[in-house]
Amino acid sequence: MLLKRLLAVLCIGCTTITSMAFADEKSFDQAVDIYMKGFKECVDAHAVRGDNISTAKRKYTTYLRYKEQAAAIDQSILTSTQRSLQKNQRYCEKAYENILIAEAEPIIKKGITACEQAKTAYETGKLEEAKIKIDLFDQQNTEALSITDKILDIYAIASKVRSCNRIKKKISTAEKGFQIQEEESQLAIIQLIDANDQCSSAQTLANKPNVKLSDIDAIQKALNKSRAQTKATKNYTAAITAMKNYPDRDSSKQMVLLFDKAASCAQ
(Lines give C-alpha, C1' and ligand atoms only; values in the text may rest on other atoms or scores of the structure.)
Protein backbone atom coordinates (compact mmCIF):
# COMPACT_ATOMS: atom_id res chain seq x y z
CA MET A 1 0.00 0.00 0.00
CA LEU A 2 2.80 2.36 0.98
CA LEU A 3 4.69 1.44 -2.17
CA LYS A 4 1.68 2.34 -4.35
CA ARG A 5 1.42 5.74 -2.66
CA LEU A 6 5.14 6.44 -3.23
CA LEU A 7 4.84 5.46 -6.88
CA ALA A 8 1.84 7.73 -7.24
CA VAL A 9 3.75 10.67 -5.74
CA LEU A 10 6.73 9.98 -7.98
CA CYS A 11 4.49 9.87 -11.04
CA ILE A 12 2.96 13.23 -10.11
CA GLY A 13 6.47 14.64 -9.68
CA CYS A 14 7.59 13.28 -13.03
CA THR A 15 4.54 14.77 -14.71
CA THR A 16 5.27 18.15 -13.10
CA ILE A 17 8.93 18.11 -14.17
CA THR A 18 7.97 17.03 -17.68
CA SER A 19 5.39 19.83 -17.85
CA MET A 20 7.95 22.40 -16.65
CA ALA A 21 10.54 21.17 -19.15
CA PHE A 22 7.97 21.35 -21.93
CA ALA A 23 6.98 24.85 -20.85
CA ASP A 24 10.64 25.96 -20.78
CA GLU A 25 11.24 24.48 -24.21
CA LYS A 26 8.13 26.15 -25.54
CA SER A 27 9.16 29.59 -24.19
CA PHE A 28 12.69 29.06 -25.57
CA ASP A 29 11.28 28.19 -29.00
CA GLN A 30 9.02 31.22 -28.87
CA ALA A 31 11.93 33.47 -27.93
CA VAL A 32 14.09 32.06 -30.73
CA ASP A 33 11.31 32.62 -33.28
CA ILE A 34 11.08 36.26 -32.26
CA TYR A 35 14.87 36.68 -32.23
CA MET A 36 15.14 35.23 -35.75
CA LYS A 37 12.69 37.84 -37.00
CA GLY A 38 15.09 40.40 -35.65
CA PHE A 39 18.08 38.58 -37.10
CA LYS A 40 16.55 38.94 -40.57
CA GLU A 41 16.35 42.70 -39.99
CA CYS A 42 20.01 42.65 -38.93
CA VAL A 43 21.05 40.83 -42.13
CA ASP A 44 19.03 43.29 -44.22
CA ALA A 45 20.61 46.21 -42.35
CA HIS A 46 24.08 44.95 -43.20
CA ALA A 47 23.12 44.44 -46.85
CA VAL A 48 21.82 47.99 -47.42
CA ARG A 49 24.53 49.86 -45.48
CA GLY A 50 26.33 50.89 -48.68
CA ASP A 51 23.22 52.40 -50.24
CA ASN A 52 21.23 53.88 -47.37
CA ILE A 53 22.72 54.37 -43.92
CA SER A 54 19.48 55.62 -42.36
CA THR A 55 17.62 52.52 -43.55
CA ALA A 56 20.41 50.28 -42.29
CA LYS A 57 20.35 51.92 -38.86
CA ARG A 58 16.57 51.74 -38.71
CA LYS A 59 16.63 48.01 -39.51
CA TYR A 60 19.34 47.42 -36.92
CA THR A 61 17.22 49.21 -34.32
CA THR A 62 14.38 46.88 -35.25
CA TYR A 63 16.72 43.93 -34.71
CA LEU A 64 17.56 45.20 -31.21
CA ARG A 65 13.87 45.58 -30.44
CA TYR A 66 13.14 41.98 -31.44
CA LYS A 67 16.16 40.80 -29.48
CA GLU A 68 14.92 42.63 -26.38
CA GLN A 69 11.44 41.11 -26.77
CA ALA A 70 12.91 37.63 -27.19
CA ALA A 71 15.12 38.01 -24.10
CA ALA A 72 12.09 39.13 -22.08
CA ILE A 73 10.46 35.77 -22.86
CA ASP A 74 13.58 33.68 -22.28
CA GLN A 75 16.82 35.34 -21.15
CA SER A 76 18.80 32.19 -21.96
CA ILE A 77 18.77 32.96 -25.70
CA LEU A 78 21.48 35.55 -25.02
CA THR A 79 23.90 32.92 -23.80
CA SER A 80 22.61 29.70 -25.36
CA THR A 81 24.88 27.86 -27.79
CA GLN A 82 21.89 26.25 -29.49
CA ARG A 83 20.65 27.09 -33.00
CA SER A 84 23.67 29.28 -33.83
CA LEU A 85 22.40 31.98 -31.46
CA GLN A 86 25.89 33.06 -30.37
CA LYS A 87 27.14 33.09 -33.96
CA ASN A 88 24.15 35.18 -35.05
CA GLN A 89 24.68 37.71 -32.25
CA ARG A 90 28.37 38.06 -33.14
CA TYR A 91 27.37 38.56 -36.77
CA CYS A 92 24.99 41.36 -35.81
CA GLU A 93 27.56 43.06 -33.59
CA LYS A 94 29.98 43.04 -36.53
CA ALA A 95 27.20 44.18 -38.84
CA TYR A 96 26.57 47.25 -36.69
CA GLU A 97 30.26 48.00 -36.64
CA ASN A 98 30.29 47.85 -40.45
CA ILE A 99 27.25 50.13 -40.63
CA LEU A 100 29.05 52.73 -38.54
CA ILE A 101 32.16 52.39 -40.70
CA ALA A 102 30.02 52.89 -43.81
CA GLU A 103 28.58 56.05 -42.22
CA ALA A 104 31.98 57.41 -41.21
CA GLU A 105 33.87 56.54 -44.41
CA PRO A 106 32.55 59.27 -46.77
CA ILE A 107 33.04 61.86 -44.03
CA ILE A 108 36.67 60.96 -43.41
CA LYS A 109 37.34 60.71 -47.16
CA LYS A 110 36.03 64.26 -47.58
CA GLY A 111 38.50 65.30 -44.90
CA ILE A 112 41.35 63.48 -46.67
CA THR A 113 40.50 65.32 -49.90
CA ALA A 114 40.72 68.63 -48.00
CA CYS A 115 44.05 67.48 -46.57
CA GLU A 116 45.43 66.79 -50.06
CA GLN A 117 44.37 70.29 -51.08
CA ALA A 118 46.07 71.65 -47.97
CA LYS A 119 49.29 69.84 -48.94
CA THR A 120 49.21 71.36 -52.43
CA ALA A 121 48.55 74.84 -51.04
CA TYR A 122 51.34 74.44 -48.47
CA GLU A 123 53.86 73.32 -51.09
CA THR A 124 53.03 76.32 -53.29
CA GLY A 125 53.37 78.78 -50.40
CA LYS A 126 49.64 79.45 -50.00
CA LEU A 127 49.72 79.12 -46.25
CA GLU A 128 46.36 80.75 -45.53
CA GLU A 129 44.58 78.40 -47.93
CA ALA A 130 46.52 75.44 -46.50
CA LYS A 131 45.36 76.37 -42.98
CA ILE A 132 41.70 76.55 -44.06
CA LYS A 133 41.89 73.17 -45.78
CA ILE A 134 43.72 71.39 -42.95
CA ASP A 135 41.18 72.76 -40.48
CA LEU A 136 38.45 71.23 -42.65
CA PHE A 137 40.31 67.89 -42.55
CA ASP A 138 40.44 68.18 -38.76
CA GLN A 139 36.68 68.77 -38.52
CA GLN A 140 35.81 65.87 -40.83
CA ASN A 141 38.26 63.53 -39.13
CA THR A 142 36.87 64.35 -35.69
CA GLU A 143 33.30 63.85 -36.89
CA ALA A 144 34.13 60.47 -38.46
CA LEU A 145 35.95 59.24 -35.35
CA SER A 146 33.02 60.31 -33.18
CA ILE A 147 30.90 57.83 -35.16
CA THR A 148 33.45 55.02 -34.84
CA ASP A 149 37.20 54.80 -34.42
CA LYS A 150 37.02 51.43 -36.23
CA ILE A 151 37.24 53.44 -39.45
CA LEU A 152 40.99 53.49 -38.79
CA ASP A 153 41.05 49.71 -39.04
CA ILE A 154 40.95 50.30 -42.80
CA TYR A 155 44.66 50.44 -43.63
CA ALA A 156 44.41 52.79 -46.63
CA ILE A 157 42.41 55.33 -44.62
CA ALA A 158 44.58 55.05 -41.50
CA SER A 159 47.70 55.58 -43.63
CA LYS A 160 46.28 58.74 -45.23
CA VAL A 161 45.14 60.10 -41.87
CA ARG A 162 48.66 59.64 -40.48
CA SER A 163 50.03 61.48 -43.51
CA CYS A 164 47.49 64.28 -43.00
CA ASN A 165 48.51 64.65 -39.37
CA ARG A 166 52.12 65.11 -40.51
CA ILE A 167 50.98 67.79 -42.99
CA LYS A 168 49.03 69.42 -40.18
CA LYS A 169 52.22 69.69 -38.07
CA LYS A 170 54.14 71.18 -40.99
CA ILE A 171 51.44 73.78 -41.59
CA SER A 172 51.35 74.61 -37.88
CA THR A 173 55.13 75.11 -37.87
CA ALA A 174 54.95 77.18 -41.04
CA GLU A 175 52.17 79.27 -39.53
CA LYS A 176 54.40 80.17 -36.59
CA GLY A 177 57.15 81.06 -39.05
CA PHE A 178 54.67 83.12 -41.07
CA GLN A 179 53.76 85.16 -37.99
CA ILE A 180 57.44 85.91 -37.35
CA GLN A 181 57.95 86.85 -41.02
CA GLU A 182 54.90 89.12 -41.00
CA GLU A 183 55.98 90.85 -37.81
CA GLU A 184 59.44 91.48 -39.26
CA SER A 185 57.95 92.55 -42.59
CA GLN A 186 55.85 95.21 -40.89
CA LEU A 187 58.94 96.54 -39.08
CA ALA A 188 60.88 96.52 -42.36
CA ILE A 189 58.06 98.35 -44.14
CA ILE A 190 58.00 101.07 -41.44
CA GLN A 191 61.77 101.51 -41.81
CA LEU A 192 61.58 101.62 -45.61
CA ILE A 193 58.79 104.19 -45.49
CA ASP A 194 60.96 106.36 -43.22
CA ALA A 195 63.93 105.86 -45.58
CA ASN A 196 61.82 107.02 -48.52
CA ASP A 197 60.51 109.98 -46.54
CA GLN A 198 64.12 111.03 -45.83
CA CYS A 199 64.98 110.71 -49.51
CA SER A 200 61.87 112.69 -50.51
CA SER A 201 62.88 115.47 -48.08
CA ALA A 202 66.32 115.57 -49.68
CA GLN A 203 64.76 115.82 -53.14
CA THR A 204 62.45 118.61 -52.03
CA LEU A 205 65.41 120.63 -50.69
CA ALA A 206 67.46 119.91 -53.78
CA ASN A 207 64.67 121.19 -56.03
CA LYS A 208 64.41 124.56 -54.26
CA PRO A 209 65.10 127.57 -56.52
CA ASN A 210 67.88 128.87 -54.30
CA VAL A 211 69.78 126.06 -52.59
CA LYS A 212 71.82 127.28 -49.66
CA LEU A 213 74.95 125.74 -48.18
CA SER A 214 72.94 124.69 -45.13
CA ASP A 215 70.47 123.00 -47.46
CA ILE A 216 73.23 120.96 -49.07
CA ASP A 217 74.30 119.76 -45.64
CA ALA A 218 70.70 118.82 -44.77
CA ILE A 219 70.29 117.07 -48.13
CA GLN A 220 73.44 114.99 -47.55
CA LYS A 221 72.34 114.04 -44.05
CA ALA A 222 68.86 113.01 -45.27
CA LEU A 223 70.33 110.92 -48.11
CA ASN A 224 72.84 109.27 -45.76
CA LYS A 225 70.06 108.43 -43.31
CA SER A 226 67.86 107.10 -46.13
CA ARG A 227 70.65 104.83 -47.41
CA ALA A 228 71.51 103.64 -43.88
CA GLN A 229 67.88 102.81 -43.11
CA THR A 230 67.43 100.97 -46.42
CA LYS A 231 70.59 98.97 -45.77
CA ALA A 232 69.56 98.22 -42.16
CA THR A 233 66.23 96.90 -43.38
CA LYS A 234 68.11 93.94 -44.87
CA ASN A 235 68.92 92.81 -41.32
CA TYR A 236 65.29 91.66 -41.07
CA THR A 237 66.30 88.32 -42.55
CA ALA A 238 62.91 86.62 -42.02
CA ALA A 239 61.18 89.47 -43.85
CA ILE A 240 63.71 89.42 -46.69
CA THR A 241 63.41 85.63 -47.04
CA ALA A 242 59.61 85.90 -47.17
CA MET A 243 59.83 88.67 -49.78
CA LYS A 244 61.95 86.41 -52.02
CA ASN A 245 60.17 83.11 -51.40
CA TYR A 246 56.58 84.37 -51.21
CA PRO A 247 56.34 87.27 -53.68
CA ASP A 248 52.54 87.06 -53.84
CA ARG A 249 52.08 88.17 -50.23
CA ASP A 250 50.89 91.75 -49.77
CA SER A 251 53.76 92.50 -47.40
CA SER A 252 56.29 91.17 -49.94
CA LYS A 253 54.81 93.27 -52.75
CA GLN A 254 54.89 96.37 -50.55
CA MET A 255 58.52 95.77 -49.57
CA VAL A 256 59.60 95.32 -53.22
CA LEU A 257 57.93 98.62 -54.17
CA LEU A 258 59.54 100.46 -51.26
CA PHE A 259 63.00 99.01 -52.00
CA ASP A 260 62.67 100.04 -55.67
CA LYS A 261 61.53 103.51 -54.68
CA ALA A 262 64.43 103.90 -52.23
CA ALA A 263 66.94 102.73 -54.84
CA SER A 264 65.52 105.11 -57.44
CA CYS A 265 65.53 108.01 -55.03
CA ALA A 266 69.09 107.43 -53.94
CA GLN A 267 70.45 107.62 -57.54
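The structure is a predicted model, in which local features need pLDDT of at least 70 and side-chain atom pairs count only at pLDDT 80 or more, while totals for chains, interfaces and linings use all residues. Residues are numbered from 1 along each chain as its sequence is written, and side-chain values use heavy atoms, with hydrogens and water left out.

The protein has eight helices and zero strands, with helices (H or I, at least four residues) and strands (E, at least two) taken as DSSP runs numbered from the N terminus. From the N terminus on, the order of elements is α-α-α-α-α-α-α-α. Of the 267 residues, 33% count as buried; buried means under 20% relative accessible area, exposed means over 50%, and partly exposed lies in between (1.4 Å probe, protein chains only). Among contacts with a separation of 6 or more, 73% are between residues 24 or more positions apart, where contact means heavy atoms within 4.5 Å.

Two disulfides are present in the structure, a disulfide being a pair of cysteine sulfur atoms within 2.5 Å. One of them joins cysteine 42 to cysteine 92, with an S to S distance of 2.2 Å. The link of cysteine 42 and cysteine 92 is left-handed, with -125° about the S-S bond. Distant parts of the chain are linked by this pair, as cysteine 42 is in helix α1 (residues 2–48) and cysteine 92 is in helix α3, 50 residues apart. Cysteine 42 is buried at a relative accessible area of 0%, and cysteine 92 also counts as buried, at 0% relative accessibility.

A disulfide is also formed by cysteine 115 and cysteine 164, whose sulfur atoms are 2.2 Å apart. The link of cysteine 115 and cysteine 164 is left-handed, with -110° about the S-S bond. Cysteine 115 lies in helix α3 and cysteine 164 in helix α5, so this pair ties together parts of the chain that are 49 residues apart in sequence. Both cysteine 115 and cysteine 164 are buried.

The largest nonpolar core contains 19 residues, and those with the most contacts inside it are Ile108, Ile134, Phe137, Ile151, Ile157, Val161 and Ile171. A nonpolar core is defined as a set of buried Ala, Val, Leu, Ile, Met, Phe, Trp, Tyr and Cys residues joined through side-chain atoms within 4.5 Å. Helices α3 (85–123), α4 and α5 each supply at least two residues of this core, and α3 gives the most, with eight residues. Isoleucine 157 is in contact with Glu105, Ile108, Lys109, Ile112, Ile151 and Leu152, leaving aside neighbours within four places in sequence. A second, separate core of 17 residues includes Val32, Tyr35, Tyr63 and Ile99.

Two further positions in helix α3 were examined. Asparagine 88 lies in α3 and is buried, with a relative accessible area of 9%. Apart from neighbours within four places in sequence, asparagine 88 is in contact with Tyr35, Met36, Phe39 and Arg83. Lysine 94 is also placed in helix α3, but this residue is partly exposed, with a relative accessible area of 44%. The C-alpha atoms of lysine 94 and histidine 46 are 9.1 Å apart in space, and the two residues are 48 residues apart in sequence.

Helix α6 (residues 213–233) contains threonine 230, which counts as buried at 15% relative accessibility. Not counting residues up to four places away in sequence, threonine 230 touches Leu192, Ala195, Phe259 and Ala262.

The largest pocket holds about 350 Å³ of space. On a 1 Å grid over the protein atoms alone, a pocket is an open set of points where a 1.4 Å probe fits, with protein on both sides within 12 Å along at least five of seven lines, and lining residues have an atom within 4 Å of a point. Grid points are joined across faces, edges and corners, and the volume is the space filled by probe spheres set on the points. The lining of the largest pocket comprises 17 residues, of which Gly125, Lys126, Leu127, Glu128 and Arg249 lie nearest the centre. Helices α4 (127–147), α5 (155–206) and α8 (250–266) each supply at least two lining residues, and the largest share, four residues, comes from α4. By class, the lining has four nonpolar, four polar and nine charged residues; Ala, Val, Leu, Ile, Met, Phe, Trp, Tyr, Cys and Pro count as nonpolar, Asp, Glu, Lys and Arg as charged, and the others, Gly among them, as polar.
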